[in-house]
Amino acid sequence: MTTANSTLQILSADAVLAQYRALRSRQPVNYWAFYSSQLGGVVTDPALMVIPFDDHMVHRGHGIFDTAGLANGKIYDLEAHLDRFVLSAERAKLRLPGAREEMRDIIVKTTAASGRRDGSIRYWLSSGPGSLELTPAAGAAPGFFVMVFAGLSYPERWYTDGLRVMTTTYPIKPPLYAITKTTNYLPNVLMQMEAKQAGFDNGVFIDPNGHVGESSNMNVAFVTSDGVLAHPTFDHILAGCTALRLLELARGLQDEGLLTGVRVCDITVAEARASREMLLFGSSVKVAPIVQWDAQPIGTGKPGPVAKALLRLIEEDMRTGDRLTDVPY
Ligand SMILES: Cc1ncc(COP(=O)(O)O)c(C=O)c1O
């Protein structure tokens with residue numbers, strides 16, 4: 001920031017670029033490739049990964065996004081993430097920039113341009129720039145952006161020792177906003193900040209009926225005392241692609257005797273607290289055990305066998321399953 005008695009400079013285009021470069025060198029980032037429909041191509045210099053300030057996604061939060069994983073040079077479960085992206089666009093009344101196939105092609109080609117074989121691919125849709133109004137600017141072309149980056153990483157102890165979570169004091173989003181993956185993550189951000197400040201790893205939303213919702217950017221699931229994998233219904237939380245896939249893969253654990261069933265149902269807080277295992281599911285975390293909730297142990301207070309088995313199943317699926325998209329490097 002400039003000081004009170006200095007004059008504000010009018011910057012040249014070169015000075016702006018130099019400032020963005022300086023910003024990135026003060027705070028290095030692992031962003032490898034960025035496509036912007038507004039630029040009509042891909043940039044690999046993080047200083048150039050920018051969008052106009054008057055884009056409706058920036059100043060009104062009128063945008064949606066999704067994130068797919070990149071593992072061993074293949075994109076995992078891209079079609080499921082695209083399904084959700086298209087659904088979110090419809091719910092947010094956002095026009096697609098083109099056909100789904102074109103968006104898929106841009107995602108795959110941006111990934112190839114990154115040259116990276118492991119990380120995350122996040123893509124956004126906005127209603128575009130052109131005004132500072134509430135409704136999108138007349139004639140604005142939708143903005144489509146794709147970022148290939150290192151992805152979110154979590155401490156190893158989450159997997160070895162398990163996480164500790166708290167019930168958030170922040171209200172859960174109303175269902176329409178919770179099932180739509182919009183860029184409005186204020187409750188999710190505040191929940192995670194609150195949990196970290198209180199010495200926990202993350203928070204959990206509870207809905208107004210006293211049913212378990214989800215965590216900040218992950219779903220939560222339980223293994224009941226009679227061995228059923230129970231997941232909250234998807235009508236008031238985001239339909240996690242990882243959760244949906246795990247609910248399918250988990251059926252194999254019935255044959256191994258680790259589970260007696262798989263169920264999607266309303267789960268009260270009391271039922272959840274009495275569970276044998278509590279789990280986090282998400283594209284970034286995959287599967288991690290929660291061992292303590294509001295300072296009360298879950299089950300034995302140690303990571304359980306279902307968490308371990310589900311992590312194995314999803315990792316296998318990411319390596320050798322039938323939901324992998326090739327990247328033409
Ligand atoms: C609020 C919320 N819930 C759940 C999830 C898990 O979804 P997925 O498994 O598709 O990553 C996410 C992550 O995108 C999320 O942001």
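A salt bridge is a side-chain nitrogen of Lys or Arg within 4 Å of a carboxyl oxygen of Asp or Glu. Across the whole structure, 15 salt bridges are found. The structure is a predicted model, in which local features need pLDDT of at least 70, side-chain atom pairs count only at pLDDT 80 or more, and totals for chains, interfaces and linings use all residues. Residues are numbered from 1 along each chain as its sequence is written, and side-chain values use heavy atoms, with hydrogens and water left out.

**Ligand shell**
- The ligand is surrounded by 16 residues (a heavy atom within 4 Å), of which Lys-181, Tyr-185, Glu-214, Thr-242 and Ser-283 are the closest.
- The shell holds three charged, nine polar and four nonpolar residues.
- At least two shell residues come from each of helix H3 (78-91) and helix H8 (241-249); helices are DSSP runs of H or I with at least four residues, and strands are E runs of at least two.

- The side chain of Arg-84 places a polar atom 2.9 Å from a ligand oxygen.
- A polar backbone atom of Cys-241 lies 2.9 Å from a ligand oxygen.
- For Ser-283, a side-chain N or O atom is 2.7 Å from an oxygen atom of the ligand.
- The protein buries 94% of the 390 Å² that the ligand exposes when taken alone (Shrake-Rupley method, 1.4 Å probe).

- Arg-21 and Asp-45 form a salt bridge through their side chains, with an N to O distance of 2.6 Å.
- This pair joins distant parts of the chain, 24 residues apart: Arg-21 is in helix H1 (residues 13-26), and Asp-45 is in the loop between strand S2 (41-43) and helix H2 (56-59).

Technical notes:
Polar contact = N/O pair within 3.5 Å; in protein donor to acceptor, adjacent residues only side chain to side chain. Nonpolar A, V, L, I, M, F, W, Y, C, P; charged D, E, K, R; others polar.
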